[in-house]
Amino acid sequence: MLPCVCWLQLILILLSSVLWTRGENCPATCLCPDPHTVDCSGRGLTSLPDEIPLDVRRLLLADNWINRIPSDFLVLYSDLVYLDLRNNSLSHIEQGTLSTSSRLVFLDLGSNNLTEIPKGTFGESRSLIKLRLGNNPYLSKVSEDAFLGLTSLRELELERNALSTLKVGALSQLPSLRVVRLEGNPWVCNCNFANLFAWLTENSNKLPNLECSLPMDGRRVSLTQLSKDSFRECQATLTLTDLLIIIFSGISVSVVAIMTSFFLASTVHCFQRWSKGTKGDEEESEE
């Protein structure tokens, strides 16, 4: 019996040591179900908790009131692969905050107050596979280069935001993209939507069915009811760049025409003077 008692005592000591270590490294308001997971979901936090273990890999911060992520956050937690920040109060992400992550695979920023995703928000997080940005009711602008460098991204969620248009470049720069969710946005079927419509048609296997509003009466129609002919008039619509090119070309032609006219007038004038001089010399010779 004694050997069994000794083994039980040893196991209890080891378990106590492990539990004590976990409790010591775990933030006071959070749970740590395993050595590399910190769960602070639904704790009423207004900022990131202190004393997060530096070797954390899964950090769960959903359902709080966090309104800011420090710009050096991921510099400290370089082992982080899973970050859940859904349903908080984030209105923007400071540039460079997420660009320092080399291992982040999953990022959830859904159900926040984001208004814009500017260029450089994610840097070149080449390991990122799934990015959730849906259910941000004020998110109306996504830069064309917002996702530049996310070469491993397979799933992108932008559903139920305030997007009425989106540059095609924001999606075409994602070579590994397999699923994109864009439904529930107030898309408008105008000429600004034409290029995106062409991309969506070519990549219909990557997304669920969408709807957009007709510019004339605001009626919602499914994209399956539209075709390239629906945007035929947009092909004749001049963009600002086109107008600038036309204006510049017109000015250039005008300048060239003026210079040519001046050159011809000067040539004719010189020829006339030369002719008069020659005629005068001939008259003097005859006298």
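Me: Is F106 buried or exposed?
Reply: This is a predicted model. The cut-off for buried is under 20% relative accessible area. F106 has a relative accessible area of 10%, so F106 is buried.

Me: And Y82: buried, partly exposed or exposed?
Reply: Buried means under 20% and exposed means over 50%, with partly exposed in between. Y82 has a relative accessible area of 24%, so Y82 is partly exposed.

Me: How do the rings of Y82 and F106 pair: stacked, tilted or edge-to-face?
Reply: The structure holds 4 aromatic pairs. Ring centres must lie within 6.5 Å, and planes under 30 degrees apart count as stacked. For Y82 and F106 the centres are 4.2 Å apart and the planes are at 10°, so the pair is stacked.

Me: Which strands does the pair of Y82 and F106 link?
Reply: This pair links distant parts of the chain, with its two residues 24 residues apart. Y82 sits in residues 82–84 and F106 in residues 106–108. The strands are β4 for Y82 and β5 for F106.

Me: What is the geometry class of F122 and F147?
Reply: F122 is buried, and F147 is buried too. The ring centres are 6.0 Å apart, which is within the 6.5 Å limit. The planes are at 25°, under the 30 degrees cut-off, so the pair of F122 and F147 is stacked.

Me: Where in the chain do F122 and F147 lie?
Reply: The two are 25 residues apart and link distant parts of the chain. F122 is in the loop between β6 (116–117) and β7 (130–132). F147 is in the loop between β8 (141–142) and β9.

Me: Which are the edge strands of the open sheet?
Reply: The sheet has 8 strands with mixed pairing, in the order β1-β2-β3-β4-β5-β7-β9-β10. Its twist averages 5° from one strand to the next. An edge strand pairs on one side only, and here that gives β1 (31–34) and β10 (179–181).

Me: Which residue of β10 stands opposite E157?
Reply: Strands of a sheet pair either parallel or antiparallel. β9 (residues 155–157) and β10 pair in the parallel sense over 3 bridges. Opposite E157 stands R181.

Me: How many charged residues line the largest cavity?
Reply: The count is 1 cavity of 30 Å³ or more. The largest has a volume of about 30 Å³. Its lining is R68, I69, H92, I93 and E94. By class that gives 2 nonpolar and 1 polar, and the charged residues number 2.

Notes. Residues numbered from 1 in each chain as written. Predicted model: local features only at pLDDT ≥ 70, side-chain atom pairs only at ≥ 80, totals over all residues. Heavy atoms only, no water. 1 Å grid on protein atoms, 1.4 Å probe; cavity = no way out; pocket = protein on both sides within 12 Å on 5 of 7 lines; lining within 4 Å. Points joined across faces, edges and corners; volume = space filled by probe spheres on them. Nonpolar A, V, L, I, M, F, W, Y, C, P; charged D, E, K, R; others polar. Pairing = 2+ DSSP bridges. Helix = DSSP H or I, 4+ residues; strand = E, 2+ residues; numbered from the N terminus. Axes fitted to C-alpha atoms, helices over the stretch in contact; angles between N-to-C directions. Phe/Tyr/Trp six-rings, centres within 6.5 Å; stacked < 30°, edge-to-face > 60°. Buried < 20%, exposed > 50% of the residue type's maximum accessible area, 1.4 Å probe, protein only.
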